[in-house]
Amino acid sequence: MTTPRESMTLFHIRRSLKDLEDHPSPFYNAGVKDDDIYEWTATIIGPKNTPYEGGVFSLGIHFDPGFSLKAPSMHFKAPIFHPNASHLGNIFHPMLVYDTWCLMTTVCQMLMMIHDMLIHLRIEEKDVVREDVEDMFPYDRVRFDEHAWRWIQLHAMW
């Protein structure tokens, strides 16, 4: 028997799944992994005219029983050269932080936000976790783009 909290969590997860089915995107997709409603996989296509163009980025999404009251954890499954993603692939963005999380946020909105992060790097914000990458972006853009492309070739080409 499920508790009211678990029922609410499952309701929000299923709502997000339905939202993805009803509103497919050319930029991302996501779904349940191995019949476990709490574990999802997602794919984001590297945006055109960015250093990430040509990349296909695989993400893991984990919903814990408190989902809807707090954000799911999301991470890149393969390394990415980005100032807002840790060496382990953890994604840092205000939308995914407890203090700024909105319970009406859908997985579609989160995936679009990550897609947008590949276009507009958040180096002005407090979301930077890779200062080496942050420092390179505004001061040596050619080198940044070359590094990002090499990482895509190694880790995000399908």
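The paragraphs below lead through the strands, the nonpolar core, the aromatic pairs and the cysteines of a predicted model.

Because the model is predicted, local features are given at pLDDT of at least 70 and side-chain atom pairs at pLDDT 80 or more, while totals for chains, interfaces and linings use all residues. Residues are numbered from 1 along each chain as its sequence is written, and side-chain values use heavy atoms, with hydrogens and water left out.

Strand β1, residues 28-33, runs antiparallel to β2 and is joined to it by 6 bridges, with Gly31 standing opposite Thr41 of β2. The hairpin of β1 and β2 has 2 residues between the strands, and in it Asp34 takes a positive phi near 50 degrees. On to β3, strand β2 is again antiparallel, here through 7 bridges, and Ile45 has Val56 in β3 as its bridge partner.

A nonpolar core is a set of buried Ala, Val, Leu, Ile, Met, Phe, Trp, Tyr and Cys residues joined through side-chain atoms within 4.5 Å, where buried means under 20% relative accessible area, exposed over 50% and partly exposed in between, for a 1.4 Å probe and protein chains only. The largest such core holds 41 residues, of which Tyr52, Leu111 and Phe144 touch the most other members. At least two residues of this core come from each of α1 (4-22), β2 (36-45), β3 (56-62), β4 (73-76), α2 (107-119), α3 (131-139) and α4 (141-155), and α2 gives the most, with 8 residues.

Two residues show the contacts in detail, a contact being heavy atoms within 4.5 Å. Leaving aside residues up to four places away in sequence, Tyr52 touches, among others, Phe57, Ile80, Phe81, Leu118, Phe144 and Ile152.

Aromatic rings provide another set of links. Rings of Phe, Tyr and Trp (its six-membered ring) pair if their centres lie within 6.5 Å, and planes under 30 degrees apart count as stacked, over 60 as edge-to-face and the rest as tilted; the structure holds 8 such pairs. Trp40 and Phe63 have ring centres 4.9 Å apart and planes at 65 degrees, so their pair is edge-to-face. Because Trp40 lies in strand β2 and Phe63 in the loop between β3 and β4, this pair ties together parts that are 23 residues apart in sequence. Both Trp40 and Phe63 are buried. Phe81 and Phe144 form a tilted pair, at 5.4 Å centre to centre and 45 degrees between the planes, which links the loop between β4 and α2 to helix α4 across 63 residues. Phe81 is buried at a relative accessible area of 4%, and Phe144 is buried at 0%.

Finally, the cysteines: with a disulfide taken as a pair of cysteine sulfur atoms within 2.5 Å, the count comes to 0. The sulfur of Cys102 is 15 Å from the closest cysteine sulfur, that of Cys108, which is too far for a bond. Cys102 is partly exposed, with a relative accessible area of 40%, whereas Cys108 is buried at 8%.

Conventions: Helices (H or I, at least four residues) and strands (E, at least two) are DSSP runs, numbered from the N terminus. Two strands pair if DSSP finds at least two bridges between them.
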